[in-house]
Amino acid sequence: MNAEAISLNEKEVKPVVDLLNDYLANYHIHYQKLRGCHWNIKGQNFFTLHVKFEELYTNAQLTIDEIAERVLTLGKPPHSRFADYISESSIQEINTIGLNDLAMVDAILDDMAKLIELERELLTASDEASDDGTNDMVNRFMQFKEKNTWMLRSFAGKK
């Protein structure tokens, strides 16, 4: 399959696919960080954050699948090796063992800010390629992160 099978221009969609694969790499590192935070949370906020991190990583897992399937829909293979995710992601791995609860929240907020930045780039690129399917999908993902950014910032007492 290629992009023309769904009435998109192959050349115009190439930047979208490249950005989607970059987004996929970043999402995988973010997902694993969420898992680490969920597994290693300790302290007074354990019950609140343990549940929240699980909600976020469950959502991230579904999002990752949708991103990869969108790349396939556009006729290209999604990245699928951790080596690619690590080398291409601007989101960095962290060691969550012994990390305090608010530092975990800050790390997740940093990831979300980077993912929202990538989503805005994808919205522009998909709009330029007339790729409404990608645009709609990414907009949905961004709205979820914007809301959770507000919630986590409120939890941590940030403006």
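Q: How many nonpolar, polar and charged residues does the lining of the largest pocket have?
A: The lining has five nonpolar, five polar and two charged residues. Ala, Val, Leu, Ile, Met, Phe, Trp, Tyr, Cys and Pro count as nonpolar, Asp, Glu, Lys and Arg as charged, and the others, Gly among them, as polar. The model is predicted: local features need pLDDT of at least 70 and side-chain atom pairs pLDDT 80 or more, while totals for chains, interfaces and linings use all residues. Residues are numbered from 1 along each chain as its sequence is written, and side-chain values use heavy atoms, without hydrogens and water.

Q: Why is His-28 called buried?
A: Buried means under 20% relative accessible area, exposed over 50%, partly exposed in between (1.4 Å probe, protein chains only). His-28 has 15% relative accessibility, so His-28 counts as buried. His-28 lies in helix H1, residues 10-40; a helix is a DSSP run of H or I with at least four residues, numbered from the N terminus.

Q: Why does Asp-131 count as buried?
A: Its relative accessibility is 0%, and therefore Asp-131 counts as buried. Asp-131 is placed in the loop between helix H4 (101-128) and helix H5 (132-155).

Q: What makes the pair Asp-131 and Arg-70 a polar contact?
A: A polar contact is a pair of N or O atoms within 3.5 Å; within protein, one must be able to donate a hydrogen and the other to accept it, and residues adjacent in sequence count only if both atoms are side-chain atoms. The side chains of Asp-131 and Arg-70 are joined at 2.6 Å, as a polar contact.

Technical notes: Helices (H or I, at least four residues) and strands (E, at least two) are DSSP runs, numbered from the N terminus.
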